[in-house]
Amino acid sequence: MIISLPDTTTRKISKKLVEAQEHYTLTTGRVLTLIVAANEGDDIEAILSSVRDASHEHPSRVLVVIAGSHEEETHLDAELRVGGEAGASEIVVMHLKGALSAQAESVVTPLLLPDTPIVAWWPTKCPENPARSPIGKLAQRRITNVAYGEGATHEELMQLSHGYIPGDSDMSWAAITLWRGIVASALDRHPHEPVESVEVCGAQLNPAADFAAGWLLDALSVPVHRNVTQPPEKGSFPIHSLRFNRVSSHVTVEVVDAGTVRVQVPGSPDSLVSLGIRSQAEVLSEELRHLDSDKTYAHTLRALPRVDYS
């Protein structure tokens, strides 16, 4: 059910939320507040679809703030989505016009659930320093999406690295979780030899390959070279190939097609493993499972400046 609240206030929204909980909401227990910071022009329905799918695992109060034009008359338009329109959550979509477009934190504060964690998600453009942004200061966990649009430049990744504060994370990092499991399993197979260097190949401006390179450099303490390659097939996993260089044998993990990677370990037959690009809802759901600081991500960002891009 969608309840429209044009030219409204947070007091009226709070009142409607209480009424909705009594009559329409499918769940009585919400485990967190998710603040979604978006902008006019973003695909809001796609964002809401991801939130709705993720909510089945994480019932939440979702506050979507959409910043409009500073030049418009100052007012707040809202939509309250409950029941089937919100999955297992309750969703408030708020369009901030005029002076309110720069005061999102003041709008969401009265609507935060008491005594529950607060997570901020920027599904498109994110601030230069998420933790020090007005919305970021409210949240214990902050999820960015630096791959949005044309991707992330090396300078933007360095900015992410230098500005890291515990609680930060990124969608591209969570997107390679399954791939990291495959890599760890491959390196754990016989024969065991020390790794001398690593080569990671991926699409230009796709931070997944950069995060993979930083992760491996931190974990193995060996030189890691990041190469730019073209995908073997449209829709393929963004890390196209990985090679562990060892003294007498090498281990490789490479993309075969849009849904498969090949693992090659000396002395064993090649293995084909199913691996595709995860949906935004799947990645968001994984991020919401861990509300403490991700130390592995922090170490990965710390290692990024030492990755070889030459």
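Let's start with a contact between two helices. Phe 211, Gly 214, Trp 215, Leu 217 and Asp 218 sit in α8. They meet Thr 296, Tyr 297, His 299, Thr 300, Leu 301, Arg 302 and Ala 303 in α10. By class, this contact of α8 with α10 has six nonpolar, four polar and two charged residues. Keep in mind that the model is predicted.

How do we describe such a pair? Two packed helices are described by the angle between their axes and the distance between the axes. Here, α8 covers residues 207-220 and α10 covers residues 295-303. They pack at an angle of about 95°, and their axes are 8 Å apart. Angles of 65 to 115 degrees count as roughly perpendicular. So α8 is roughly perpendicular to α10.

Now the second pair. Helix α2 is residues 44-55, and helix α9 is residues 280-289. Their axes come within 8 Å and cross at roughly 50°. That is why α2 and α9 are oblique to each other. The crossing of α2 past α9 is right-handed.

Which residues of α2 meet α9? Ala 46, Ile 47, Ser 50, Val 51, Asp 53 and Ala 54 do. On the α9 side we have Gln 280, Ala 281, Leu 284 and Ser 285. The contact of α2 with α9 divides into six nonpolar, three polar and one charged residues.

Take α7, residues 177-187. Which of its residues are buried? Trp 179, Arg 180, Ile 182, Val 183 and Ala 186 are. Look down the axis of α7: the buried residues fall within an arc of 160°, so they line one face of the helix.

Finally, two loop residues. Trp 122 is in the loop between β6 (118-121) and α4 (134-138). Buried or exposed? Trp 122 has 5% relative accessibility, so it counts as buried. What does Trp 122 touch, leaving out residues up to four places away in sequence? Its contacts include Ala 37, Pro 127, Pro 130, Ile 135, Arg 142 and Asn 145. Val 273 is another matter: Trp 122 and Val 273 are 151 residues apart in sequence and 32 Å apart in space, C-alpha to C-alpha.

Ser 248 lies in the loop between β11 (239-246) and β12 (250-257). Its relative accessibility is 61%, so Ser 248 counts as exposed. Where is Glu 193 relative to Ser 248? The two are 55 residues apart in sequence and 8.2 Å apart in space, C-alpha to C-alpha.

How values were computed: Residues numbered from 1 in each chain as written. Predicted model: local features only at pLDDT ≥ 70, side-chain atom pairs only at ≥ 80, totals over all residues. Heavy atoms only, no water. Axes fitted to C-alpha atoms, helices over the stretch in contact; angles between N-to-C directions. Helix = DSSP H or I, 4+ residues; strand = E, 2+ residues; numbered from the N terminus. Parallel < 35°, antiparallel > 145°, perpendicular 65-115°, else oblique. Contact = heavy atoms within 4.5 Å. Nonpolar A, V, L, I, M, F, W, Y, C, P; charged D, E, K, R; others polar. Buried < 20%, exposed > 50% of the residue type's maximum accessible area, 1.4 Å probe, protein only. Arc of directions from axis to C-beta. Left-handed = near helix turned anticlockwise from the far one by under 90°.
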